[in-house]
Each structure stands twice: as C-alpha cells, then as structure tokens.
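This report describes one protein structure for a reader who has not seen it before.

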Amino acid sequence: MLIHETDTPSPKGGLSFENTEIAFRHTSNAALRRAYWLFKMININFFVRIGPPITNFALKIRLPIKGIIRATIFKHFCGGETINGCAEAIKNLHEGKVGTILDYSVEGEDDEQVFDETRDEIIRIIHRAVGDPAIPLTVFKPTGVVRFGLLEKLDAGQTLTEAEQNEFSIAKGRFNDICKTAFDLDIRVMIDAEESWIQDTIDTLALDMMRDYNKTRPIVYNTYQLYRHDKLESLRKHATTAIDEGFYFGAKLVRGAYMEKERKRAADNGYPSPIQTTKQGTDDDYNSAMEFCIANIKHVAFVAGTHNEDSCRFLVELLNTHKVDHNHPNVYFSQLLGMSDNLSFNLADANYNVAKYVPYGPVEAVLPYLFRRAEENTAISGQMSRELGLIAKEKKRRGI
C-alpha cells in the first residue's frame, strides 16, 4: 500500500487543483457517473476486503464475471488489454495535454520464457512511442524480466552457482536490450523500484545502464522510494556519481509501494525497518529530493510521481524560484490513470509536463494491480475519498 497523502492546501500562485471542469473535461457524463459509483463501492472497506478472494474464486470456477470487471474497475484504471487497445485512452489523455506511460501490468511470473516475452512487450511499447508526443516516457518492472529470488541472493551477497551466474548474465542482457532500444529510438525509459532486499542490485543495474546510454541525453531513469529513510542519500550519491563521470542522471521520485511488507519482514527477521518512522519524514525527504533535482537540472532529469497536492505545488514553486521553464524536458509530473485527475489536467492546462501511468494487460492478469488501487483509495481519511469528493463536485456542477 502507498503512504497516503494529504488533502488540498490553499491555492497559491493562481494554480488551483479545485477546478473540476478542467479535471474532468475529458470525461463524459456516463463515465463520470460510472466513476462515482465505482469510488462509492471502493470506499466500502468490506467490499474491498472480500472482493479479491471472491473475484479470484469466481474466475477459477469460470463464473462469467470478467465482463463485469472489464466494464467497471478495469475500464476506470486500465487502458486496455493490449497496446493497440489503449489507443482511446492515449488519445483522450493527449487531448487534455497529458502524456501516457504504457505500463504492462502482468505480475507474478518466474519463468525464463515469460521474462523474454515481457522484454519483447516492453520493446514493442518503446517502438509504439517513437514519433508520438502522446507517449513521452516508457517503463518496466525489473522482476518482469529477472527472477526475484536471484535478485534476493545477489543483494544478500551470496555466491551464485554457475547456472545462476548464467541466468543473471541473461537477465542483464534483457535490461540491456530494453535500454539500448530506448537509446537507439530516443525514448526515455524508467526502471521501477521494488522491495528493499532486492533494490541494491537493481540500483547497480540502473546506474550501469545510465553509464552506457545517458552520455548525451537522459534516456534511463532509476526509481527512488522516499518512504525509505536511506533513499534520499542514495539519490544524491548516484547523481553525484553520474555528474562526476559525465553522464546524465535520470530519476523517478515516488513515496513507495511496499510499506506493510517492508515493516513485517524487518520485524520477522530482526532488523531495523527501512521505512521512515513518520509520514512527515517521507514528505520532507520527497520535497528535498525534488529540491536536489531542480538544483542540478542541467545534469538531472526526473519524474515526480505523486498524488500529493502539497508536493505538486512545492515543485511548481521550485520551478518558479529557480526560473526553470514550466515545460522543461527534464521535469515531469506523473499520476496513475483513474486517479488525481484534478492534479494531472490542471497542471497540464498550466503547461507543465504531465504523464499518466496507463496499465494494460489481460483482465485476469492485472487483477493484483486493480485490487491494490482499490485498497489504496480506502486508506484516505474521511467518509469519502478525495477522488469521490471531486467527482461529486463535478456531477453537481454539470447538474447530473
């Protein structure tokens, strides 16, 4: 679950995240009504708790519920089942000046053939982005192309068998295939973050890819989860390495996605949790990370992946203070499809660079992603989530 974020601060500098006309300009009346009832259901915690096991059971015994999922939660949070199936979502976002980050969201496979297939799919995404300003960034998940247990063994400093050494060599080849394709076609690619006990190896791989492909322009980005108390220092250290060695540093800044899992593992194994002790610590480090990136904008390109209105407004102020163009190519805001449209579209309307993560894949394969989205929304304080409140406000404005 993500570390959740605060309600709206008072508007500053003329940029308002309360303008629901801009936020939902791309949304039809029918889609707005569907979103309203979807978030009403999501806000019923009982529904979210029982939904995953019931849905998985129904799919297992082949009950005809896939169509219901496709028409509701899948339609709201996902672009489609294939790259081509995302065309309407890409067009819709682009009309609102918001870019698309196609996110192949199939999870949970540990098979060499599947890893190869996933690599090939990421490369197809990169080719799809060529010449299309609607797709300014691409992304891949490391454990989509390399076995989790292998990364775990490497991070723990354990000696690999000969077979494992060969396996890792092949896995590095997949990383390189993706990043070299991105370089050859001049498409930026982000490497997602994962659990702390495999992240050091991913960081090393990401920096190696930057050394190879960020010499003349930022192509490869690594991801930094600032809910970890050590990642601000990692960000600074890695950026300094890049600057010293003469290549561009690419970073995606997020709060984080594995808080409960991280704390439980730390407690079970008797080591200090890597997670910040307070939410304020996370917020402070997130903003400090943005400050560092802006201060080094000649050498650093970054994506601020956040649904936090305070952080978005803080980055706007940083850009103004440092006299950096709103649409500087090295600075992007990013949110998830189906969430925080008040941030995405109002920022884009003010000429900031914005791109939405647009997950896609077969309905049954992206269910873990969809259930996490539902769970995250229930954790927002108050009777109705921020999303539901904004949708209700726009419904009232339209009189529907």
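## Phenylalanine 302 and the cores

In this predicted model, phenylalanine 302 is in contact (heavy atoms within 4.5 Å) with Tyr221, Ala251, Leu253, Met290, Cys293, Ile294, Ile297, Leu315, Asn330, Val331 and Tyr332, leaving aside neighbours within four places in sequence. Phe302, Leu235, Leu253 and Leu315 touch the most other members of the largest nonpolar core, which has 79 residues. Such a core is a set of buried Ala, Val, Leu, Ile, Met, Phe, Trp, Tyr and Cys residues joined through side-chain atoms within 4.5 Å; buried means under 20% relative accessible area, with a 1.4 Å probe and protein chains only.

Helix H10 (residues 196-213) gives the largest share of this core, nine residues. Another core, of 34 residues, lies apart from it and includes Leu32, Leu137, Tyr357 and Tyr369.

Strand S4 (residues 220-225) is largely enclosed by the rest of the structure, because six of its six residues are buried. Val220, Asn222 and Tyr224 lie on one side, and Tyr221, Thr223 and Gln225 on the other. Helices (H or I, at least four residues) and strands (E, at least two) are DSSP runs, numbered from the N terminus.

S4 runs parallel to strand S3 (residues 188-191), joined by three bridges, and isoleucine 191 stands opposite asparagine 222. S4 also pairs (at least two DSSP bridges) in the parallel sense with strand S5 (residues 249-254), over four bridges. There, threonine 223 stands opposite lysine 252.

## Basis of the values

Residues are numbered from 1 along each chain as its sequence is written. Local features need pLDDT of at least 70, side-chain atom pairs count only at pLDDT 80 or more, and totals for chains, interfaces and linings use all residues, while side-chain values use heavy atoms, without hydrogens and water.

Technical notes. Buried means under 20% relative accessible area, exposed over 50%, partly exposed in between (1.4 Å probe, protein chains only).
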